[in-house]
Amino acid sequence: MTIPMRYLIRAAASIAAIALLTGCWDRIEVNDIAIILGAGIDQEENNKVKLSVEIYLPAPDNNESGGGQEGMDSGSKNGNILVSSAIGSSMADAMSKLQKRLSRRLYWGHNNVYVFGKERAERGFNDDLDFFLRYVRARERTNIYVTQGKAIDTMGVIPRLDQNLMEALTELSKTEVSIDVDLKTVMEQIVETPEQTYTVPYILTSAVMSEKKHLRNANVPYFRGLTIFKKGRMIGSLDNELTHGYFWITNQIKASTILTAAVAKDETVAVNLTASKSKLIPKIDSSGEWRMELIIECEGNLIQNASRMDYSVPEQLTEIEDLFEAMIKKNVDKSLNVIQQKYKSDILGYSRLFRRKYPKQWAAAKPEWSETFLRIKTDTSVNFQIRRPGALVKQINNIPME
Amino acid sequence: MLNGKISSFQLAIIMFQFVLSSTVLLMPSITTRLSEKDMWLTPLIGMAVGYLVVWLAYQLFKLSPEGSVVRLMESLFGTYLGKAVSILFIAFQFHIVSISIRDYAEFIESNFFLKTPIVVIIGTMLILCGWAVRRGFEVIARTGQIFVPIITLFTLLILVLLIPELNPHHLLPLLERGPAPVLQGSLVVDGWFSQLLLAVYILPLVRDKNNIKKWGFWCVTGITFVMVASNLAVFMLVGESAGYYTYPVLMAARYIAYAEFFEHLEAIVMMVWVLGEYIKISVYYYAITRGISDTFRLQKPEAIVMPVGLLLLFVCFWVGPDFQTVSTFIANIGTSYILIGFVVFPMLLCGLALLRNWFKGLGTSAK
């Protein structure tokens, strides 16, 4: 017996209908999820960890939408941020406790920032990284920061210039004061450096920064240099000046950085950097001494001349350039000294450079790398050129007074 | 019907994807663990085994009576022992393909469909492949012809989009610990290349037999190119930490971000993996069905397609209790296991057949 085609078609159609008509019975709408914009991790007593998240609430409040235009205005974009936190024995535990308190599902897919409290960083956050990297919905491009004080305090900060703290941080990372450090980079450094040495940007919260007289700036995050990690723990930090030196060494200095050199007492010259290149050349000489040659070449445009030096006179121009070269060299040497002698942490990537050129010697020195590292002498040479004087040829200071 | 004719170009395209489907996702991590900085060299060495296996498959096909490798076994070992050897070989393929399917399902399960029962993921794929196999190899070949360009294009697209993030310095120094780790890593790659031997079941369907060698060569070359490209991209992106990620290519795709809106490309990886895995499973499925029907001289081979699928579904659960057991097996014993099955065993067959022919030749010339 054969079944007629039309019955088959009917059967297929009804099966398809059964499958499709269920539709979106288990749909998850935007207002069913809690979109995490940033996460803060703090150390708590008894070795517990506190996870605080900044959640973006996409659906506007019912009251507000009823109020119409005015409601939207007064609510502003900031009204949709919620900060919530929970304490647990590990990140995963804290997250599950946090989830229990929220009626919406936590959604990590849009998280851009992890902020660690200083205490947590000093204890070491490898355990937390394991969670972030293992937990599939978190992305490797997420930036990491360490804050002086508690991470949860940064969560509530709503800067005036950006929609929320997390956006402010990511935008700031792109400027010349700081760098992006994301999960991928940290993971890479942990695996490749002999002693798990890396840096993470260090930020200040409004609570630390606010001064009564400058309340306008209270709600803005600031960068306070870099923190240094070694063997999974934060062991110290570099202030902005030392960070600058670190940037010079590692070729991370960004164009548009403004440099100011003192010519004499109360006399300064300022230059806007347009291009810069730092090159590190590792060398092991015949006596077995490890050396590093640092060549910095940069150029910039004059943006302010508050001195008696005359840019248009070639000799004086060279003198100004020499001043900048000496300043950069001093900056670099100071940073080198702190990084090598005080922290003994190879955050400069020397290990990688020596490994590339002298794999055998490197392999021998690897087990005691910090001993080798602090003995590496760095010879710095700086070449600075001022290309253009800007719109003024002569400076106002030199106009003879009647 | 298990027949239907294909061209050798179609065969090459199918075998190209057949090897690459699971490689691109799994290989960078495993080879990094074994060969560290030189992991990108491993496919270049493994390629030799690829050429060898393609040559072996072609030789076996030429030596086989009526082009059926099962008949060759029967004529070499005697009818009953030959059938037993053939069944053993099929059982081996069963094992390998279920590991493959399990790998696929675990990937989908752990990255995308977190709540779907794994049996649904495996089951739907097997129903699809079973349907394709029932319709004959021509269907698989034609779907391959449509899918493979899409898959390859998107794989390369991901690699190209990664270019700004790549750091070539990760690759230096070359051969840091000598050539030994590279060779060790290339053995794992050989494991993938050796599966090309399955072509022996498909070769009888090829219409233009004189082009087989040419396309076989290009097939292996193409596979090597994509392998090296993906290995290079992954390593230049994350360096030695590639060994710590389960699916580095997925991670790499997730890492792509342009202008703050062109992001979250991991869905492409999933699409590539599903389409590629469809081809891989179909080819295995076809080879197994054909092997069984040849062994028992079945009149209607399509009758056993669905039962074989059901058995495959069970074997997928029998291969290991969890993901870690399966992947430990792949990274350790799995390599020698698959090489014995797909390289040593066929070489033995080929050698025996050649020897026999030589003796026969001696006999006839003596008369």
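**Reading a two-chain predicted model**

Reader: Where do I start with chain A: what share of its contacts with a separation of 6 or more comes from residues 24 or more positions apart?

Author: In this predicted model, residues 24 or more positions apart account for 72% of the contacts in chain A with a separation of 6 or more. Chain A has 14 helices and 13 strands, and 33% of its 402 residues are buried.

Reader: How is chain A divided into domains?

Author: The domain assignment gives domain 1 as 27-238 and domain 2 as 240-395. Between them, 17 residues of domain 1 are in contact with 19 residues of domain 2. On the domain 1 side, the elements giving two or more residues are strands E7 (198-204), E8 (222-230) and E9 (233-238) of chain A. E8(A) gives the most, with five residues. By class, that side of domain 1 has seven nonpolar, five polar and five charged residues.

Reader: Now the strands. How do strands of a sheet pair?

Author: The general idea is that they pair through backbone hydrogen bonds, either parallel or antiparallel. For a case, take the open sheet of four strands in chain A, with the order E10-E11-E12-E13 and mixed pairing.

Reader: Which strands of chain A stand at the edges?

Author: Strand E10 (258-264) and strand E13 (377-388) of chain A do. Each has a single partner strand, so one side of each is left without a neighbour in the sheet. Ignoring direction, neighbouring strands of this sheet are turned by 35 degrees against each other on average.

Reader: In which sense do E12(A) and E13(A) pair?

Author: Strand E12 (residues 290-306) of chain A pairs with E13(A) in the parallel sense, over 11 bridges. To find the pair on screen, look for A:Glu299, which stands opposite A:Gln385 in E13(A).

Reader: How are side chains arranged in a regular strand?

Author: They alternate between the two faces of the sheet.

Reader: Which strands are joined to E6(A) by bridges?

Author: Strand E5 (residues 113-117) of chain A is joined to E6(A) by five bridges, and the two run parallel. E6(A) and E7(A) also run parallel, joined by two bridges. A:Val146 marks both pairings: A:Val146 is the bridge partner of A:Phe116, and it stands opposite A:Tyr202 in E7(A).

Reader: What about the nonpolar cores: how many residues has the largest?

Author: The largest nonpolar core has 118 residues. Those with the most contacts inside it are B:Met15, B:Ala57, B:Leu196, B:Ala199, B:Val200 and B:Ala252. Helix H1 (residues 8-35) of chain B supplies the largest share, 15 residues. Not counting residues up to four places away in sequence, B:Ala57 touches B:Leu196, B:Leu197, B:Ala199, B:Val200 and B:Leu203. A second, separate core of 74 residues includes A:Val53, A:Leu294, A:Ile347 and A:Val382.

Reader: How many residues does each chain give to the contact between chains A and B?

Author: Chain B gives 15 residues and chain A gives 12. On the chain B side, helix H4 (79-111) and helix H10 (248-255) of chain B are the elements that give two or more residues. H10(B) has the largest share, three residues. The chain B side divides into seven nonpolar, five polar and three charged residues.

How values were computed: Residues are numbered from 1 along each chain as its sequence is written. Chains are lettered from A and ligands numbered from 1 in the order in which they are written. This is a predicted model: local features need pLDDT of at least 70, side-chain atom pairs count only at pLDDT 80 or more; totals for chains, interfaces and linings use all residues. A residue is buried if 20 or more other C-beta atoms lie within 10 Å of its own, exposed if 12 or fewer, and partly exposed in between; C-beta atoms are placed from the backbone. Two residues are in contact if their C-beta atoms, placed from the backbone, lie within 7 Å. Ala, Val, Leu, Ile, Met, Phe, Trp, Tyr, Cys and Pro count as nonpolar, Asp, Glu, Lys and Arg as charged, and the others, Gly among them, as polar. Two strands pair if DSSP finds at least two bridges between them. Axes are lines fitted to C-alpha atoms, for helices over the stretch in contact, and angles run from 0 to 180 degrees between N-to-C directions. A nonpolar core is a set of buried Ala, Val, Leu, Ile, Met, Phe, Trp, Tyr and Cys residues joined through C-beta atoms within 7 Å. Domain bounds come from an automatic or database domain assignment.
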